[in-house]
Amino acid sequence: MPSRAEQLHIDRCTDAVQRYIDRGAQQWGYDDLRSACTYIGDPYPVFDAEAIALRDWRSACWTACHALLATALASSEPRPSVADVIAALPALPERPTE
């Protein structure tokens, strides 16, 4: 169980990761990632492809974030800064054209 200070740091990191993911979706014209995901299965192929790409990118971002934080909590190494966590995340993928 993380200490209170560790939990506050985890919360700051996860809030920053969510903002990073939402900004990625906004760069593609969506309100946020949640909005983009509503287009999965859309009959318009480009919206469907974008939604799937963003969903998969979101999963990769959260996997990277959780792995980095878990490693830091399990070791005696200094915890990564919020900026370090964001820098370790995958970049927004290429936007699908169809």
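# Reading a helical model

Guide: Start with His-9, which sits in helix H1, residues 4–27. Keep in mind that this is a predicted model.

Visitor: Is His-9 buried or exposed?

Guide: Its relative accessibility is 7%, so His-9 counts as buried.

Visitor: Which residues does His-9 touch, beyond those up to four places away in sequence?

Guide: Arg-79, Pro-80, Ser-81 and Val-82.

Visitor: Now the core. Which residues of the largest nonpolar core touch the most other members?

Guide: The general idea comes first. In soluble globular proteins, nonpolar side chains tend to be buried together. Here the largest nonpolar core has 19 residues, and Val-17, Ile-21, Leu-54 and Cys-65 touch the most other members. Two or more residues come from each of H1, helix H2 (33–37) and helix H3 (45–74).

Visitor: What is Val-17 in contact with, leaving aside its neighbours within four places in sequence?

Guide: Trp-62, Cys-65, Val-85, Ile-86 and Leu-89.

Visitor: On to H3. How does the span between its end C-alpha atoms agree with the expected one?

Guide: Take 1.5 Å a residue. The 30 residues of H3 should then span 44 Å, and the end C-alpha atoms are 43 Å apart, so the two agree.

Visitor: Which residues of H3 are buried?

Guide: Among them are Val-46, Ala-49, Glu-50, Leu-54, Trp-57, Trp-62 and Cys-65. The buried residues of H3 pack against H1, H2 and helix H4 (82–87).

Visitor: How many aromatic pairs are found in the whole structure?

Guide: Four. One of them joins Tyr-20 and Trp-57. To classify a pair, look at the angle between the planes: under 30 degrees is stacked, over 60 is edge-to-face, and the rest are tilted. Tyr-20 and Trp-57 are 5.5 Å centre to centre with 45° between the planes, hence tilted. The pair links distant parts of the chain: Tyr-20 is in helix H1 and Trp-57 in helix H3, 37 residues apart.

Visitor: What are the accessibilities of the two partners?

Guide: Tyr-20 has a relative accessible area of 18% and is buried. Trp-57 is at 5% and also counts as buried.

Visitor: Which residues form an aromatic cluster?

Guide: Tyr-30, Tyr-39, Tyr-44 and Phe-47 form one.

Visitor: How many salt bridges are found?

Guide: Two. In one, the side chains of Arg-95 and Glu-50 meet at 2.8 Å, N to O. Arg-95 lies in the segment after H4 and Glu-50 in helix H3, so this pair ties together parts 45 residues apart in sequence. Arg-95 is partly exposed, at 39% relative accessible area, whereas Glu-50 counts as buried at 4%.

Visitor: What about the salt bridge of Asp-56?

Guide: Asp-56 pairs with Arg-55, with the closest N and O atoms 3.1 Å apart. Asp-56 is partly exposed at 40%. Arg-55, at 29%, counts as partly exposed.

Visitor: Last topic, the cysteines. How many disulfides are there?

Guide: A disulfide is a covalent bond between the sulfur atoms of two cysteines. The count here is zero.

Methods:
Residues are numbered from 1 along each chain as its sequence is written. This is a predicted model: local features need pLDDT of at least 70, side-chain atom pairs count only at pLDDT 80 or more; totals for chains, interfaces and linings use all residues. Side-chain values use heavy atoms; hydrogens and water are left out. Helices (H or I, at least four residues) and strands (E, at least two) are DSSP runs, numbered from the N terminus. Buried means under 20% relative accessible area, exposed over 50%, partly exposed in between (1.4 Å probe, protein chains only). Contact means heavy atoms within 4.5 Å. A nonpolar core is a set of buried Ala, Val, Leu, Ile, Met, Phe, Trp, Tyr and Cys residues joined through side-chain atoms within 4.5 Å. The expected span of a helix is 1.5 Å times one less than its number of residues. Rings of Phe, Tyr and Trp (its six-membered ring) pair if their centres lie within 6.5 Å; planes under 30 degrees apart count as stacked, over 60 as edge-to-face and the rest as tilted. A salt bridge is a side-chain nitrogen of Lys or Arg within 4 Å of a carboxyl oxygen of Asp or Glu. A disulfide is a pair of cysteine sulfur atoms within 2.5 Å.
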